[in-house]
Amino acid sequence: MKIYLKIWRQKDASTKGKLVDYTMESVEGDMSFLEMLDILNEDLISKGEVPIEFDHDCREGICGTCSLQINGRPHGPDRFITACQLHMRSFKDGDTIVIEPFRAKAFPVVKDLIVDRSSFERIQQAGGFISVNTSGHPVDANAIPIEKEYADKAFNAAACIGCGACVAACKNASAMLFTSAKVSQFALLPQGRVEATERVQNMVRQMDLEGFGNCTNTGACEIECPKGISLENIARMNREYLTASIKG
């Protein structure tokens, strides 16, 4: 099939970008979306043109680096997948596809379709961990009984891959779903309760410092999340934050 592409090209962070038109002939439905971009880049290189820069790594839907805004939706039209898992059979012959980087103040464009998402890493570093003494004779974690309900919720929160789709989908560019998932995966487990107060305060503070917007409960973040992270995590983080603030 024949596909028309409008792709955001931007030389660097300080240069003004624009959408550039490309036409792809003989696109096969079994091609992955990134494979289609690979073929386009091979064609550009053969013509002596600058290839399109875009992030990718595992191409198995587990690393979160393939963050593309495809026809206005993070990771494209299909739900519960990343851009690398999207296949061209999701489009029709003659379709026009607009490909842009994620748009957020806290995700500045580096080049073309690549954005700097290190703000997520700084939020994680602010408290998304537990302090454990691994020297000597630490107690086996399996010795602590945990109800299955809480174990399942913690596991589901930990499924967040930090791709940033929640931020890109939000009209306010809020990082509440990401941050709440990272808070929840520890808040639900006894190992995470020791540092719960400092964790939620530090991570929310860092989230605000990075310039993310506020949550207004539109729910777009959950809908576009490739891992289906629940809005319940935001409510849980708000409760954790209120409790921590009262404790001082």
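Biologist: In the crossing of α3 and α5, which handedness is found, left-handed or right-handed?

Modeller: In this predicted model, helix α3 spans residues 148-158 and helix α5 spans residues 176-187. Their axes lie 8 Å apart and the helices pack at an angle of about 150°. The crossing of α3 and α5 is left-handed.

Biologist: Which residues of α5 make the contact with α3?

Modeller: The contact of α3 with α5 divides into four nonpolar residues, two polar and no charged. On the α3 side stand Ala-154, Ala-157 and Ala-158. The partners from α5 are Ala-181, Ser-184 and Gln-185.

Biologist: Which element gives the most residues to the largest nonpolar core?

Modeller: The largest nonpolar core has 34 residues, and Phe-107, Phe-120, Val-167 and Phe-212 have the most contacts inside it. Elements giving two or more residues to this core are α2 (118-127), α4 (165-169), α5, α7 (196-209) and α9 (232-247). With five residues, the element that gives the most is α5.

Biologist: How many residues are in the second, separate core?

Modeller: Nonpolar side chains in soluble globular proteins tend to be buried together. Here the second core is separate and includes Trp-8, Leu-34, Met-88 and Ile-97. The number of residues in this second core is 28.

Biologist: Which strands are at the edges of the open sheet?

Modeller: Five strands form the sheet with mixed pairing, in the order β2-β1-β5-β3-β4. An edge strand pairs on one side only, which holds for residues 18-24 and for residues 73-74. These edge strands are β2 and β4.

Biologist: What percentage of the contacts with a separation of 6 or more is between residues 24 or more positions apart?

Modeller: The protein has nine helices and seven strands, and its C-alpha trace spans about 60 × 40 × 35 Å along the principal axes. Of its 248 residues, 44% are buried. Among contacts with a separation of 6 or more, the share from residues 24 or more positions apart is 69%.

Definitions and conventions
Residues are numbered from 1 along each chain as its sequence is written. This is a predicted model: local features need pLDDT of at least 70, side-chain atom pairs count only at pLDDT 80 or more; totals for chains, interfaces and linings use all residues. Side-chain values use heavy atoms; hydrogens and water are left out. Two strands pair if DSSP finds at least two bridges between them. Helices (H or I, at least four residues) and strands (E, at least two) are DSSP runs, numbered from the N terminus. Axes are lines fitted to C-alpha atoms, for helices over the stretch in contact, and angles run from 0 to 180 degrees between N-to-C directions. A crossing is left-handed if the near helix is turned anticlockwise from the far one by less than a right angle, and right-handed if clockwise. Contact means heavy atoms within 4.5 Å. Ala, Val, Leu, Ile, Met, Phe, Trp, Tyr, Cys and Pro count as nonpolar, Asp, Glu, Lys and Arg as charged, and the others, Gly among them, as polar. A nonpolar core is a set of buried Ala, Val, Leu, Ile, Met, Phe, Trp, Tyr and Cys residues joined through side-chain atoms within 4.5 Å. Buried means under 20% relative accessible area, exposed over 50%, partly exposed in between (1.4 Å probe, protein chains only).
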